[in-house]
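Please work through the following exercises with the sequence and the 3D structure at hand. Each one sets a task and is followed by a solution in steps.

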Amino acid sequence: MKYIYLILFISQFGFSQSPYPQDYFRKPLDVTLVLSGTFAELRSNHFHSGLDIKTQQRTGLDVYAAAEGYVSRIKISHFGYGKALYITHPNGYVTVYAHLEKFSPTIEKYIKILQYEKESYEIEVFPSPEELPIKTDEIVAFSGNSGSSGGPHLHFEIRDNAERPINPMLFGIDIKDTKRPVISAIYAYPKNKKSHVNEIKIRKELRLIPNKNGDYTVEAIEAFGEIGFGVESYDQQDLANNKNGISNIQTFFNGNKNFEMDFKRFSFDETKHLNRFIDFEIFKTDKSRVQKLFVQSGNTLSMLKDVSDDGYIRVEDSTSSVYKIRIQDFKGNEAWVNIPIKGKKAKEKLEGYDLQPAYYVQPNESLRLEDKNISVFFPKDTFYDNFYIDFAVSSDTLTLHKDVVPLMKNCTISYNIENYSEEDKSKLFIAKLYGYYKRPYYVRTSRQGNYLTARTKSFGTFTLATDSISPTIKPVNFQDSKWVSKSEYLKIKIDDDLSGISNYRATINGKWILMEYDYKKDTLTYHFDDSVISDTENNLKVIVIDNIGNSSTFEATFFRK
Ligand SMILES: [Zn+2]
């Protein structure tokens, strides 16, 4: 008996490569899996929490439950995941399916009743285990492009019972990949005033030389003191040209490992530190994401491991050493970078950064900056580093540094608008100026008496703008006083020039109807299969309100039998 237990024990724990169940989850689509996004790849302000699976440039593909379980959450939002379904499985894992076009008929019926009760397209519900049980291989939804999705695909996640997303490929979901990762840039970062690289005391891009075998060399550098490195890289799989994320980074100084980052799992509350992990200034200036291979204060990512001396190396005078970077994709294809380093202390005093001190900020203190009619408040722990912040006010224009420094928290911008007329006050909002033409974009603004306030997590230039123009509403596939018996839906186009759409309400014959808002196409769509109407002559009324409160009403009569 003991012998049998021993064999069982060994086969379950001794030989298994992965702590995650294999062959428990099936792939959620019945097509060859091709990815437009990998797990933990670097996105704006977050690590990607799942796989983006391509859907042959179309919507409507069958989406299968990855395993049996029950629907534990349904969330429908205009932005973000759009229509999203969460299934909890008996083993404690949760699978997530996002950007869906629609759910299976059973789930669709369930959620529509609740949307009609709430009179809202946007909704979030947590059904109990008995309400929507899911069988193995059940079709639970149809793939789409809803929410903030940039093209048809299925976003698929596996989360553990602590809500931490895990790379689904660890569960045996397989993607063909025999290509090695590609390295596109390498930077060196002198850590402090004493250190330098090629006689420069600030970040320095190094010349990368691809070798024939797929590895890379960097032209030998002369350095002294504590130095860190940064790398820009991507991975491609066999079946698509998409530039996806890599899966593991390790660095070695003279043969000793001194840094590793392993992208297997993270938790949502640490994902904001992505902006600390990448070189945020490079990202904001030329959109490329350089990952730092050293750890600075406030970067508490759980994906970091085996980090010694915070990933920095110490280069002594008159030495010769080598620093190596190994980048791996999930399938273990790897690319190496070899950086030969000659230790050489600079003879002359080197020039550093010439900062223009304006206001000095310290991360562990709150700060209020104020000038004329504008003030900005930063709560404690908004910043990662000490630095000099630019703050300038010129009439209604606020220059709040440059958008190259990551913030951990929102700051609050306040405008005193007492000098404006009552009429104007009601139409004003705080706008952020973008691009060469300094186009104003609405920042969510609230008003209390003579004060407008807005919260923002990014620096830049802000101003006051006015929106006095109401939204536009136009029918797309019907006309007033006409028959629409053959249409399956009513579609209208809504638009607002400056502050943007805030909300809308549509009724037929006085009864609320569910209209889906697609912000990317500026459309509202009502489906007749909701069976709200029974009359032949019907009155459609749609009210659309922008973010300042300007509203428009559209009415039309249509006939249907
Ligand atoms: Zn995604």
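**Exercise 1. Describe the lining of the second largest pocket: how many residues line it, and which lie nearest its centre?**

Step 1. The second largest pocket is lined by 35 residues, and those nearest its centre are Lys-83, Glu-101, Glu-516, Thr-525 and His-527. A pocket here is an open set of points on a 1 Å grid over the protein atoms alone, with protein on both sides within 12 Å along at least five of seven lines, whereas a cavity is a set of points where a 1.4 Å probe fits but cannot get out; lining residues have an atom within 4 Å of a point. This is a predicted model, in which local features need pLDDT of at least 70 and side-chain atom pairs count only at pLDDT 80 or more, while totals for chains, interfaces and linings use all residues. Residues are numbered from 1 along each chain as its sequence is written, and side-chain values use heavy atoms, with hydrogens and water left out.

Step 2. The space in this second largest pocket amounts to about 940 Å³, a volume being the space filled by probe spheres set on the points, with grid points joined across faces, edges and corners.

Step 3. At least two lining residues come from each of strand S8 (94-103), helix H2 (105-118), strand S41 (489-495), strand S44 (515-518) and strand S45 (523-527), and H2 gives the most, with six residues. Helices (H or I, at least four residues) and strands (E, at least two) are DSSP runs, numbered from the N terminus.

Step 4. By residue class, the lining of the second largest pocket holds nine nonpolar, 12 polar and 14 charged residues, where Ala, Val, Leu, Ile, Met, Phe, Trp, Tyr, Cys and Pro count as nonpolar, Asp, Glu, Lys and Arg as charged, and the others, Gly among them, as polar.

**Exercise 2. State how many cavities of 30 Å³ or more a search of the whole structure finds, and describe their linings.**

Step 1. The search finds two cavities of 30 Å³ or more.

Step 2. The largest cavity has a volume of about 80 Å³, and the residues that line it include Thr-38, Asn-167, Asp-235, Phe-263 and Asp-329. Its lining divides into five nonpolar, five polar and two charged residues.

Step 3. The second largest cavity has a volume of about 60 Å³, and among its lining residues are Lys-83, Glu-108, Lys-112, Tyr-121 and Glu-516. H2 gives the most to this lining, with four residues, and the lining of the second largest cavity as a whole has five nonpolar, one polar and four charged residues.

**Exercise 3. Identify which residues coordinate the zinc ion, and explain what the histidine pair ties together.**

Step 1. His-48 (NE2), Asp-52 (OD) and His-155 (ND1) coordinate the zinc ion at 1.9 to 2.1 Å; donors are N, O and S atoms within 2.8 Å of the metal (3.2 Å for Na, K and Ca), and because water is not among the atoms, sites may look incomplete.

Step 2. Along the chain, the donors of the zinc ion follow the spacing H-x3-D-x102-H. His-48 lies in the loop between strand S3 (46-47) and strand S4 (51-54), and His-155 lies in strand S12 (residues 153-159), so the pair ties together parts that are 107 residues apart in sequence.

Step 3. Both His-48 and His-155 are buried, where buried means under 20% relative accessible area, exposed over 50%, and partly exposed in between (1.4 Å probe, protein chains only).

**Exercise 4. Trace the open sheet that contains S28 and S36: what is the strand order?**

Step 1. This open sheet of five strands has the order S28-S29-S33-S37-S36, with antiparallel pairing; two strands pair if DSSP finds at least two bridges between them.

Step 2. Strand S28 (367-371) and strand S36 (445-448) are the edge strands, each pairing on one side only.

Step 3. Strand S29 (residues 374-378) and strand S33 (residues 411-416) pair in the antiparallel sense over four bridges, and Phe-377 stands opposite Thr-412 in S33.

Step 4. S36 and strand S37 (residues 451-456) also pair in the antiparallel sense over four bridges, with Thr-445 opposite Ala-454 in S37. Their hairpin has two residues between the strands, and Gly-449 takes a positive phi near 60° in this hairpin.
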